[in-house]
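Subject: Structure handover

Hello,

Here is the structure we talked about. Please open it alongside this note, as my findings follow below.

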Amino acid sequence: MTEYKYWTHLIKLQVNQTPGAKYWEGKAQVHYNDGRGFRFFEVHGPSEEFISRDEAEQHVLQLAKTLIDKFI
């Protein structure tokens with residue numbers, strides 16, 4: 001699981017390749033403090049065809065950043 005800091009939020013990414021295929025499934029957990037305690041939510045990226053693991057991670061990371069910017 002790869003971790004990134006974005007503003008004051010912690011994003012944990014996990015990307016796995018589907019067996020026998022070129023598709024990647026990504027998932028991110030966004031951890032944040034809402035003033036009363038620590039909370040988190042999950043972001044699931046679609047199964048898509050990417051050239052590399054890094055490209056799949058960047059896609060899911062961008063989804064998580066977009067949700068942080070819009071909703072937190």
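The aromatic pairs come to two. Rings of Phe, Tyr and Trp (its six-membered ring) pair if their centres lie within 6.5 Å; planes under 30 degrees apart count as stacked, over 60 as edge-to-face and the rest as tilted. One of the pairs joins tyrosine 6 and tryptophan 7. Their rings sit edge-to-face, 6.1 Å centre to centre, with 75° between the planes. Tyrosine 6 is buried, because its relative accessibility is 17%. Tryptophan 7 is exposed, because its value is 68%. Buried means under 20% relative accessible area, exposed over 50%, partly exposed in between (1.4 Å probe, protein chains only).

A word on the source. This is a predicted model: local features need pLDDT of at least 70, side-chain atom pairs count only at pLDDT 80 or more, and totals for chains, interfaces and linings use all residues. Residues are numbered from 1 along each chain as its sequence is written, and side-chain values use heavy atoms, with hydrogens and water left out.

Next, the core. Tyr6 also belongs to the largest nonpolar core, which has 10 residues. Ile11, Leu13, Val30 and Ile68 are among the others. Such a core is a set of buried Ala, Val, Leu, Ile, Met, Phe, Trp, Tyr and Cys residues joined through side-chain atoms within 4.5 Å. Strands β2 and β3 and helix α1 (53-71) each supply at least two of its residues. The largest share, four residues, comes from α1. Helices (H or I, at least four residues) and strands (E, at least two) are DSSP runs, numbered from the N terminus.

Now the strands. β3 runs antiparallel to β4 (residues 38-44), with seven bridges between them. Two strands pair if DSSP finds at least two bridges between them. Four residues separate the strands in this hairpin. There, glycine 35 takes a positive phi near 100°.

Tyrosine 32 lies in β3 (residues 23-33). Tyrosine 32 counts as buried, because its relative accessible area is 18%. Beyond four places in sequence, tyrosine 32 touches several residues, including His9, Phe40 and Ile72. Contact means heavy atoms within 4.5 Å.

Histidine 9 lies in β2 (residues 9-17). Histidine 9 is buried too, because its relative accessibility is 9%. Leaving aside neighbours within four places, its contacts include Tyr4, Val30, Tyr32 and Ile68.

Best wishes
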